[in-house]
Amino acid sequence: MDRLQKLLQRQDLPDNIRQWAEKNDLLKMQDLEWFSPGDKSVCDARIADLVWELNQTRPSEREKCDAIISQIIKHNGNLTVITPFWAEFGYIEAGKNCFIGYNCTFIDGGRIKLGNSVQIAPNVVLATATHPIDAEMRATKLTKCAPIVIEDNVWIGANSTIVGGVTIGKNSIIGAGSVVTHDIPENVVAVGSPCRVIKQLNLDKDLKQIKDYIEK
Ligand SMILES: CC(C)(COP(=O)(O)OP(=O)(O)OC[C@H]1O[C@@H](n2cnc3c(N)ncnc32)[C@H](O)[C@@H]1OP(=O)(O)O)[C@@H](O)C(=O)NCCC(=O)NCCS
């Protein structure tokens, strides 16, 4: 038995720690508290078989793919997911008209929300989960999640990682290979690790240019 388990059996535990220790681990995860990812309640909530089925389905079997995708991601229509795609619990919502490229991984225990017309390039990782910084605590495998929110019209470049608790504001672009550790405001281009804003976007002006060109 590890040290944490021994400590949690002590009779003189403060009430809040005792209540936490006695709480169901899936509820702890859903309430964004530290939880044990190997607990049966959490294992039973994983959707590994569904994800496996999606990734074993031929892309040409569009209706079957779409039906499985709709079980993994609750969305408002016209969602494209290029397989393989990886998710843990299916705690994912998307608006209309989103695109998710090859080989994206959604560690979604903390919930992931995509707005409308979000575009996610290949190999992007959205990781809502984290582990303790203290090595002895980390050895217990305790995990804690925080939500990720990607607002309307965001484009995330290939091979980027977004960590838990981050919101990316509408219309913004995250450059390829970025690691996003803080919120990114609306209407900017942000790049790098850690991801920093490099450019403000004036979408009205840019849209006007394109409209003028098309309508010429
Ligand atoms: C961010 C991006 C969209 C370019 O945006 P932009 O506003 O046109 O930026 P620019 O090309 O003017 O670059 C501005 C500066 O940022 C740097 N930069 C651009 N993208 C970068 C990135 N991903 N990481 C680090 N630096 C980057 C450029 O080198 C340039 O630096 P410099 O001024 O020192 O030369 C593009 O570089 C990118 O990352 N695209 C994603 C491509 C992709 O993932 N495609 C998959 C298909 S969906």
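Two strands are said to pair if DSSP finds at least two bridges between them. Helices (H or I, at least four residues) and strands (E, at least two) are themselves DSSP runs, numbered from the N terminus. The model is a predicted one, in which local features need pLDDT of at least 70 and side-chain atom pairs count only at pLDDT 80 or more, while totals for chains, interfaces and linings use all residues. Residues are numbered from 1 along each chain as its sequence is written.

On these terms, the protein chain has 8 helices and 19 strands. Its C-alpha atoms fill a box of roughly 80 × 40 × 25 Å along the principal axes. Of the 216 residues in the protein chain, 26% are buried; a residue is buried if 20 or more other C-beta atoms lie within 10 Å of its own, exposed if 12 or fewer, and partly exposed in between, with C-beta atoms placed from the backbone. Two residues are in contact if their C-beta atoms, placed from the backbone, lie within 7 Å. Among the contacts with a separation of 6 or more, 26% are between residues 24 or more positions apart.

An open sheet is formed by 5 strands with parallel pairing, in the order β3-β6-β9-β14-β17. At its edges are β3 (85-87) and β17 (179-180), each of which pairs on one side only. Within this sheet, β9 (residues 125-127) runs parallel to β14 (residues 161-163), and 3 bridges join the two. Ala127 has Val163 of β14 as its bridge partner.

Helix α6 (residues 62-72) has the buried residues Cys65, Ile68, Ile69 and Ile72. Viewed down the axis of α6, these buried residues fall within an arc of 100°, so they line one face of the helix; the arc is that of the directions from the helix axis to the C-beta atoms. An α-helix has 3.6 residues a turn, so residues three or four places apart point the same way. The face of α6 turned away from the buried side carries Glu63, Asp66, Ala67, Ser70 and Gln71, which are exposed. The cover over the buried residues of α6 includes α5 (48-56), β1 (73-75), β2, β3 and β4.

Most residues other than glycine have a negative phi, and most peptide bonds are trans. Thr83 and Pro84 are joined by a cis peptide bond with omega of about 0°, and Pro84 is placed in the loop between β2 (80-81) and β3. Another cis peptide bond, between Ser193 and Pro194, has omega of about -5°; Pro194 is in the loop between β18 and β19. Asn97, although not a glycine, has a positive phi of about 70°. Asn97 is found in the loop between β4 (92-94) and β5 (99-100), and with 18 C-beta neighbours inside 10 Å it counts as partly exposed. Asn171 is not a glycine either, and its phi is positive at about 75°. The loop between β15 (167-168) and β16 (173-174) holds Asn171, which is partly exposed, with 18 other C-beta atoms within 10 Å.

The ligand remains to be considered. It is surrounded by 13 residues, of which the closest are Ala121, Gly157, Ala158, Gly175 and Ala176; a residue is near a molecule if its C-beta atom, placed from the backbone, lies within 6 Å of it. The elements giving two or more residues to this shell are β18 (188-191) and β19 (196-200). By class, the shell has 7 nonpolar, 5 polar and 1 charged residues, where Ala, Val, Leu, Ile, Met, Phe, Trp, Tyr, Cys and Pro count as nonpolar, Asp, Glu, Lys and Arg as charged, and the others, Gly among them, as polar.
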